[in-house]
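Below are some points on the model, for reading alongside the coordinates.

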Amino acid sequence: MRIHRLVAVASLARAVFCATSHQIPLPAGGGLVTPTAAFCPVSPDAAQVHETHNVIFDTWFPVQLFPIPDPIRWKEITQMAQGINDSMWYSISSPPGVLYSLLANLTNPVGCLPSPLVTALKAISDPAVITFLTTPGGLGALDYLGGITVFSALLKLPKEGGAIIAQLLREAYLTTTYGYAPLADLIATIDIPDPFLSDQDMPGWLAANTPTIVNKLKYDPLIGPQVTHVDGPIDYLIVGSGPAGSTLASQLQAGGKRVVLLERGPFVVWGSMTTMSYSKLMFKDDVATTPDNGILIRSGQTVGGGTSVNIDLAFSPSMDAIRAHIDKWIADGRFAPSSYYTHDAIDAAYSRIENIIRPYQVQFSEVNPDNLKLWDGALSIGIQPSLYALNRYPLGTSPSPVDSKKDAAVRMLYEPLRNKTNPLSVVPDVLVDEVIYENGVATGVRFTQQAPWKSAGNNTLIDPYKLGIPVGTQVSVFAKNVILSAGTLGTSRVLLNTANSYPELRTPNIGHGAVIHPSFPLIGRFATPVDMLKGLDSAVYVDQGLQKHFFLEAMTGLPAYGAILISGNGMDIYNGITGYDYSAGFGVALIDESSLDNQVVVGSDGEAQLKYELTESDKVFFRNGVVAAVNAMLGSGAKEVYIPTVENIFDSSTWNPMVATPITNSKQAANASNLQFIPNQTILTAAHLQAANRIGTVAQGAVFSPRHRLWTAKGTEVKNLYGMDSSIFPSSVGANPMQSLYTFAYILAQRLLSGDLKS
């Protein structure tokens, strides 16, 4: 079991590179070069590359230097570290992939690295950098201190491509070491819970809780091939099972419509595991980034979508920060007619959603020590904090011992699935490629069968309709109406592919204008234990959305995530993780503006890819939020605050990105206003992707009409092709969009059932 976990963790590092299409920015004239190009005409000897791997491993996990007084514990940690090192090398080199290419580049730097980066490195007079460039074996010929010096030099060179190489390797090695739970347990002295039910409890849970499937689908490999419904034509074919797709599917089925719901991700039996942030239930295994590696993009990819993997925040659409945005949309004619979107109409729709999901309001008595730090810190800087409502069971009341989420799948899909006369059909593990468009109408979609995720707990529904479609087969499904609810990434990909096949549907703003609510995490170190994993993880937030364009949120994470956020060298990170129980976390979420330059494209691998840069005005709001968060952390009693940046915010002549510089007072906190948010020098994450396929009129440059229908290139509506997910919002909704998605999808379902949207 231990060897299996080591190999699995090592494979994660490779996935960081193999699953994404990272590009290294070069100076003008250099274009963009992917690491897969490797730069190197002749790869160095594998033994030399192996030495480079060892130097990098020791740079980020210098176990021989760890001050561990207990010899038994020290021996156990060193043995685990060697096992991870060996397994990681095996994964990197068998067969060689993109990560191997990066190691080869650093083994023969002059021959392999891009010339602008080599030129910049040659201008550095440090002996270690000179040795790196001139000695056979490159980085692999250096000692521990030499490795630190080279990484420092690379991190200082973002424009030349050095920072992205350094950051990619840093993330891979730290995630691999600290992501191995037994090792992280020993270093952080915590007990990381298993996300799955125990082997003893799993069979009984699955027997009692696996949803009933009433099979009305069949697969014909000879005609099409295609999937059909045995009872007749499909009324609504819905792509994506997140909050919008699940709401539409359940409401339309309840209204007597024949509905098929297609989902790219797996169908996990609710309650059998902790699905929150589980990597196999996320887009690209939760290692997707922008092309410049500047922002980690997090998006759910499972039945239930984001509702199954997020932290369950439930912001009502009547909240001031959200209502202001919705009111503007309606005033601008983005949704029509406006009578469906009055305050009363939206409140009534959300009331119906509340009756289904049943979110609960957190009470102050439930606030754990981590969240209490944000509460006290906000008050210390003169801002009133608030308590979340959550889409989950109150603490200790869930029927499942490992999951308390009230996600869209269990709350909306399970009941219509078991309807014997008109069952909802939910097909997991299928990637919709494009809409089929004939004679001015949508007639269905084409999807590609994906390999199902087979978890260790065998808790997923694999081929629930016994269709037997071979992996990789492209299949057609036809329907009277198609609704795209695959989220900002998924719907953009489908629309872009469809526009390539059918130029009549190619409009200029598909995928453009994305907002993402980028988040800047920070960690506070306290003199007494905080125990951030104890109790309710999400309880407190600070709303500064309308006035200052940011929210502050309490944040928790496991040691692998904390290791990425702590700046400095391997010893700095180790010291931070050993103080894990003395740490608390905040996040600064920016309510960003829409810019048409920020767009979703289809990459060379056929996957959706987000290109994104902060606007200058957003940077101002973001800096203000970071300064406020640091001061709040200090005000709550933190002795040190770590922010995930190696930028020279202190304007120091001795700046060294490989030396941690925690903030200890408000005067230093003000230096956060010098942040430029440089990719690979500063770490950002994003999970609330919106506004890439905006709704509105042709004159507004919209992709979908005010009646949710796709615009054609001629400015006419496709009468039976609808959009309803976060991508259609004309801007940020102003906060976490989950409840607004439920609400707008409910309104659309009622309009479809009432006949309001008939031609």
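1. A cavity here is a set of grid points where a 1.4 Å probe fits but cannot get out. The structure, which is a predicted model, holds six cavities of 30 Å³ or more. The largest cavity has a volume of about 140 Å³.

2. Confidence should be read before the details. The protein chain has an average pLDDT of 92, and 94% of the residues score at least 70. Residues 1-38 have a pLDDT below 50, and this stretch makes 94 contacts in the model beyond near neighbours in sequence.

3. Which residues lie nearest the centre of the largest cavity? They are Ile523, Met532, Gly562, Tyr580 and Ser583, out of 17 residues in the lining. Helix 20 has the largest share, with three residues. By class, the lining of the largest cavity divides into 10 nonpolar residues, six polar and one charged.

4. The second largest cavity contains about 90 Å³ of space. Its lining has 15 residues, and those nearest the centre are Val268, Trp270, Thr275, Ser308 and Asp407. Helix 17 (residues 408-417) supplies the largest share of this lining, three residues. Eight of the lining residues of the second largest cavity are nonpolar, five are polar and two are charged.

5. Helix 12 (243-254), helix 15 (343-357) and helix 17 each supply at least two residues of the lining. Helix 17 gives the most to the lining of this pocket, with seven residues. The lining of the second largest pocket comprises 11 nonpolar, five polar and six charged residues.

6. Helix 24 (residues 738-754) has 17 residues and reaches 25 Å from its first C-alpha to its last, close to the 24 Å expected at 1.5 Å a residue. How many residues of helix 24 are buried? The count is 14 of its 17 residues, and the helix is mostly covered. Gly755 follows helix 24 and has a positive phi, near 85 degrees.

7. Asn481 belongs to strand 14 (residues 474-484). Is Asn481 buried or exposed? Asn481 has a relative accessible area of 14%, so it is buried, the cut-off being under 20%. Leaving aside neighbours within four places in sequence, Asn481 is in contact with Asp235, Tyr236, Leu237, Asn720 and Tyr722. Asn481 and Ile234 are 247 residues apart in sequence, yet their C-alpha atoms are 8.0 Å apart in space.

Note on methods: Residues are numbered from 1 along each chain as its sequence is written. This is a predicted model: local features need pLDDT of at least 70, side-chain atom pairs count only at pLDDT 80 or more; totals for chains, interfaces and linings use all residues. Side-chain values use heavy atoms; hydrogens and water are left out. pLDDT is the predictor's confidence in each residue, from 0 to 100. Contact means heavy atoms within 4.5 Å. On a 1 Å grid over the protein atoms alone, a cavity is a set of points where a 1.4 Å probe fits but cannot get out, and a pocket is an open set with protein on both sides within 12 Å along at least five of seven lines; lining residues have an atom within 4 Å of a point. Grid points are joined across faces, edges and corners, and a volume is the space filled by probe spheres set on the points. Helices (H or I, at least four residues) and strands (E, at least two) are DSSP runs, numbered from the N terminus. Ala, Val, Leu, Ile, Met, Phe, Trp, Tyr, Cys and Pro count as nonpolar, Asp, Glu, Lys and Arg as charged, and the others, Gly among them, as polar. The expected span of a helix is 1.5 Å times one less than its number of residues. Buried means under 20% relative accessible area, exposed over 50%, partly exposed in between (1.4 Å probe, protein chains only).
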